[in-house]
Amino acid sequence: MREISAKLITEKVKEACIAANCRLPDDVIESFKKGKEEEKSPLGRQIFDKMLDNAALAAKKEVPVCQDTGMAVIFAEIGQDCHIVDGDFETAINEGVRRGYVDGYLRLSVVSDPMRRVNTNDNTPAIIHTSIVPGDQIHITVAPKGFGSENMSAIKMFTPAATREDVVGFIVDTMSKAGSNPCPPMIVGVGLGGTFEKAAYLAKKAVCTPLDAPAQDEFYADLEKEITEKANKLGIGPQGWGGTVTALKVRVMAFGTHIAGLPCAVNIGCHVTRHQEFTL
Ligand code: SF4
């Protein structure tokens, strides 16, 4: 049984929170460059230049890419042959988030209760998703999620009578209603199948997956292409100023479901869709 220190988890999560907020991943930067080539609107192309300048400046000066440094969403794949010592896992993660946000001077955007709304002043609690996997390593993705985009997300419990057209229509309509609110171009995660909560989980996981990762299979690659093409016809464009690039990426993740259902969750991500990964 391999031992992994909770203190090491805390330190790495702290570093990842700061890095994720200050340095956009290469796949997102590449999508800006590709988007600029594809954008037909001159103003839209100028906005892509500004987005690239902003990302480069943030990385150089080690300041956040956006003022909304998000709620920390953590995906942890924990090898079943490892043993966490010197503390418990969730406390270690939250301590890493606390240190990352406070020591890194990131905006503290989390309240302890949704109705009473008192700021926790350290950006905890984090949203932690764990899965047990083979092996003796821990792989963690830290994805700060801003709420300009999160608030535009939606879920619909279709019945199996729904057609492909119905499902695609709901996803594109969700993007249309979002308009300029999620600071487009958008990165969109779609969760299909499972139960109500599984669909939402898949949609979030889809948003946090590197943009250059392959689709689930050919069927879903084709579905992602169709949704992206329809989204780009909405005309929302970069930062909502009009244009032909409204979606940088649509990623669909699907899971088995009940014979009576077809859950569909759409998690909207903005152009600042951040994620940092590490393995211990
Ligand atoms: S939607 Fe994204 S880019 Fe816009 S304010 Fe929120 S985190 Fe920043």
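Predicted model: local features only at pLDDT ≥ 70, side-chain atom pairs only at ≥ 80, totals over all residues.
User: Why is C208 called buried?
Analyst: Buried means under 20% relative accessible area. C208 has 9% relative accessibility, and therefore counts as buried.

User: What makes C264 buried or exposed?
Analyst: The relative accessible area of C264 is 0%, so C264 is buried.

User: How do you know how many disulfides there are?
Analyst: A disulfide requires a pair of cysteine sulfur atoms within 2.5 Å. By this rule the count is zero.

User: What makes the span of helix α6 close to expectation?
Analyst: Helix α6 covers residues 164–178, 15 residues in total. From first C-alpha to last it reaches 21 Å, close to the 21 Å expected at 1.5 Å a residue. Its buried residues are V167, V168, F170, I171, V172, T174, M175 and A178; the elements they pack against include β7 (186–194) and α8 (218–232). Just after α6, G179 has a positive phi of about 55 degrees.

User: Which domains contribute to the shell around the ligand?
Analyst: Domain 1 (2–21 + 65–145) and domain 2 (148–273) each supply at least three residues. Among the residues around the ligand are C66, D68, S149, C270 and R274. By class, the shell has five nonpolar, five polar and two charged residues.

Note on methods. Residues numbered from 1 in each chain as written. Heavy atoms only, no water. Near = heavy atom within 4 Å. Nonpolar A, V, L, I, M, F, W, Y, C, P; charged D, E, K, R; others polar. Domains from an automatic or database assignment. Helix = DSSP H or I, 4+ residues; strand = E, 2+ residues; numbered from the N terminus. Expected span 1.5 Å × (residues − 1). Buried < 20%, exposed > 50% of the residue type's maximum accessible area, 1.4 Å probe, protein only. Contact = heavy atoms within 4.5 Å.
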